[in-house]
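Dear colleague,

Please find the structure below, handed over for your own work. My findings come after it.

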Amino acid sequence: MSNPVTVLLLTLGAYLTGERLFIRSGRKGWFHPVIVGSLLVFLVIHFSSMSIETYTEHSSILKTLLAPFTVALAIPLSQQLHHVRRHAGPILSTLLLGAVLVVLLGLGFAWVSGAENDVLLSVSTKGVTTAVALALSEKMGGIVPVAVAVVCISGIYGGLVGPWICRRTGVHDLRATGFALGINAHAGGTAMAFGINPTMGVYSSLAMCLNAILTAMVLPFVITWLV
């Protein structure tokens, strides 16, 4: 049980099992592949001879793969640049406002709850996808597991309730809904958006990429003023 291949197969198998259950359940929130996959990995570790230290050590290859994934965000962005040129004004203004609000709201809730500075630094990355959040949290001195957990929770929750909130507030434009999901729920929201409508997915992917780039460039320099 304690070798990298076993850990890799366990992680991928748990996620694929969760994804299949998620689709078969009609995309119900409790069967989200991240939730199911994490639970399956926990059960295996708990009831087998594998320790959490062993799993963490041998799953480091997955963390390494996050770096090229981050660079690969340039691919969908380059494919969607025509959307940016066509609607540059609304897209950029929404991006700037959304990126600022995501950080400030996350920090605000954490600060009111009495969080320490290292937790605040970790929460500040909640608006970007896991790969970028992990790198930013390490660079700024945050707690990486907290940052990853916050990103996963916001992605799952935002992807599940985001479309419903948009409908209830009178936002029926697929492009606007998709862009909101991409900024607030990054990869989780984008996956949900593509499941609803391709146009919504395209704009969610666009927002996710642009927000990841903007946040990675700006957040490390402004976070010292906020925390």
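This is a predicted model: local features need pLDDT of at least 70, side-chain atom pairs count only at pLDDT 80 or more; totals for chains, interfaces and linings use all residues.

Residues are numbered from 1 along each chain as its sequence is written, and side-chain values use heavy atoms, with hydrogens and water left out.

Helix α2 comprises residues 33-47 (helices are DSSP runs of H or I, at least four residues, numbered from the N terminus).

Pro-33, Val-36, Gly-37, Val-41 and Ile-45 of α2 are buried. They lie on the same side of α2, because they cover an arc of only 165 degrees around the axis (taken from the directions from the helix axis to the C-beta atoms). Buried means under 20% relative accessible area, exposed over 50%, and partly exposed in between, with a 1.4 Å probe and protein chains only. The cover over these buried residues includes α1 (4-24) and α3 (52-58).

Ile-45 has a relative accessible area of 15%. Beyond its neighbours within four places in sequence, Ile-45 is in contact with Met-50, Ser-51, Ile-52 and Tyr-55 (contact means heavy atoms within 4.5 Å). The C-alpha atoms of Ile-45 and Tyr-55 are separated by 8.0 Å.

On the other side of α2, His-46 and Phe-47 are exposed; for Phe-47 the relative accessibility is 66%.

Yours sincerely

Definitions and conventions: Helices (H or I, at least four residues) and strands (E, at least two) are DSSP runs, numbered from the N terminus.
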